[in-house]
Amino acid sequence: MAEQSIERFIRSCMKECVDDNVSALAENSAEAGKRAVKLLKQKSKVRTGAYKKGWKADVTTDETGTECTVHNRRYQLTHLLENGHKITNQTGEYYGDVPGDGVIAEVADQVAREFADMGGDGR
């Protein structure tokens, strides 16, 4: 009988520990997402301002884990600016290439390093 109560106690302590870690991970993911959005808004190219203002971060938690996705509402432009593109007119005449700026990859690397350095306590 005493073994069952000890087993229940240990199981409840482990569940509490896991729940605390999951909530800390969700908070750290949200902070990393906010940091990435802030950096992307600072470093993004500005023409009309819609691209720069379009950055958002979504944090989802389910049974498989916690995930933070940073995206832009102008997703087509995001691909072109990150990877570069050819310049053509409506008739298909080629004018040259525009190199990609690599801002997203740079910010992703920086935020990933910061997230790894946070550890479990978020500091």
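1. Buried means under 20% relative accessible area, exposed means over 50%, and partly exposed lies in between, with a 1.4 Å probe and protein chains only. By that scale K43 is partly exposed, because its relative accessible area is 31%.

2. A word on the model and its numbering. This is a predicted model, in which local features need pLDDT of at least 70 and side-chain atom pairs count only at pLDDT 80 or more, while totals for chains, interfaces and linings use all residues. Residues are numbered from 1 along each chain as its sequence is written, and side-chain values use heavy atoms, with hydrogens and water left out.

3. Salt bridges come next. A search of the whole structure finds 3 of them. The term means a side-chain nitrogen of Lys or Arg within 4 Å of a carboxyl oxygen of Asp or Glu. Side chains of opposite charge can pair when their charged atoms come close.

4. K43 forms a salt bridge with E106, at 2.7 Å from N to O. This pair links distant parts of the chain: K43 is in helix α1 and E106 in helix α4, 63 residues apart. Helices are DSSP runs (H or I, at least four residues), as are strands (E, at least two), numbered from the N terminus. E106 is partly exposed, because its relative accessible area is 41%.

5. R35 and E114 also meet in a salt bridge, with their closest N and O atoms 3.2 Å apart. Here too the pair links distant parts of the chain, with R35 in helix α1 and E114 in helix α4 (residues 103-118), 79 residues apart. R35 is partly exposed at 29%. E114 is partly exposed at 29% relative accessibility.

6. E31 and K34 form a salt bridge at 3.9 Å, N to O. Both lie in helix α1, 3 residues apart, which is about one turn of the helix. E31 counts as partly exposed, at 43%. K34 is exposed, at 55%.

7. I6, F9, I10 and M14 make a nonpolar surface patch of about 440 Å². Such a patch takes residues with over 30% relative accessible area and no salt bridge, joining nonpolar side chains (Val, Leu, Ile, Met, Phe, Trp, Tyr) within 5 Å and like charges within 9 Å. F9 sits in helix α1 (residues 2-43). It counts as exposed because its relative accessibility is 54%.

8. Strands β3 (residues 85-88) and β4 (residues 94-98) run antiparallel, joined by 4 bridges. Strands pair if DSSP finds at least two bridges between them. K86 has D97 in β4 as its bridge partner. The two strands form a hairpin with 5 residues between them, and G92 in the turn has a positive phi of about 95°.

Terms used: Areas by Shrake-Rupley, 256 points an atom, 1.4 Å probe, with all protein chains shown as cover.
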